[in-house]
Amino acid sequence: EGQPVVQLDLGDRMVIQKPAGWEVDDHPSADDASGLSLTEFLEGQCRGSVPSLLHDVGHNRGFLHRLDVPSSGLLIVARTYQAYYDLRLQLSLGEVARDYLIICH
């Protein structure tokens, strides 16, 4: 399935390409447990200064949305609380759109 890739890094927010098989949260559910955690991947990307938001479950660890473990796609991740609330506001106002494409084979 591959490794996640940082597609865009703006300092306080990122866009991550999530490959299939990776869990958005580091507490995998029993039926989807893959052992591949995007939270741990992001900790490795932070090079020693892990944002507190990454450990804040109440703020979804900075993830603005989720994709199921078998799915792949782009994820928006906030690194700061200011970026988190800015992105939430943009999503609520429709300034950021989410499109989903399903391919079955």
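This is a predicted model: local features need pLDDT of at least 70, side-chain atom pairs count only at pLDDT 80 or more; totals for chains, interfaces and linings use all residues.
Local features require pLDDT of at least 70 and side-chain atom pairs pLDDT 80 or more, while totals for chains, interfaces and linings use all residues. Residues are numbered from 1 along each chain, and side-chain values use heavy atoms, without hydrogens or water.

Strands β1 (residues 5–9) and β2 run antiparallel and are joined by four bridges. Pairing requires at least two DSSP bridges; strands are DSSP runs of E, at least two residues, and helices runs of H or I, at least four, numbered from the N terminus. D9 stands opposite M14 in β2. Three residues separate the strands of this hairpin, and G11 in the turn has a positive phi of about 90°.

M14 also belongs to the largest nonpolar core, which has 12 residues. A core joins buried Ala, Val, Leu, Ile, Met, Phe, Trp, Tyr and Cys residues through side-chain atoms within 4.5 Å; buried means under 20% relative accessible area with a 1.4 Å probe, protein chains only. β2 (13–18), α1 (38–45) and β3 each supply at least two residues. α1 gives the most, three. A second, separate core has eight residues, including L64 and I76.

The largest pocket has a volume of about 420 Å³. Pockets are open sets of points on a 1 Å grid over the protein atoms alone, with protein on both sides within 12 Å along at least five of seven lines; lining residues have an atom within 4 Å of a point. Volume is the space filled by probe spheres set on the points, which are joined across faces, edges and corners. Of 18 lining residues, L67, G73, L74, D99 and Y100 are closest to the centre. Strand β3 (residues 73–78) contributes the largest share of the lining, four residues.

Key: On a 1 Å grid over the protein atoms alone, a cavity is a set of points where a 1.4 Å probe fits but cannot get out, and a pocket is an open set with protein on both sides within 12 Å along at least five of seven lines; lining residues have an atom within 4 Å of a point. Buried means under 20% relative accessible area, exposed over 50%, partly exposed in between (1.4 Å probe, protein chains only).
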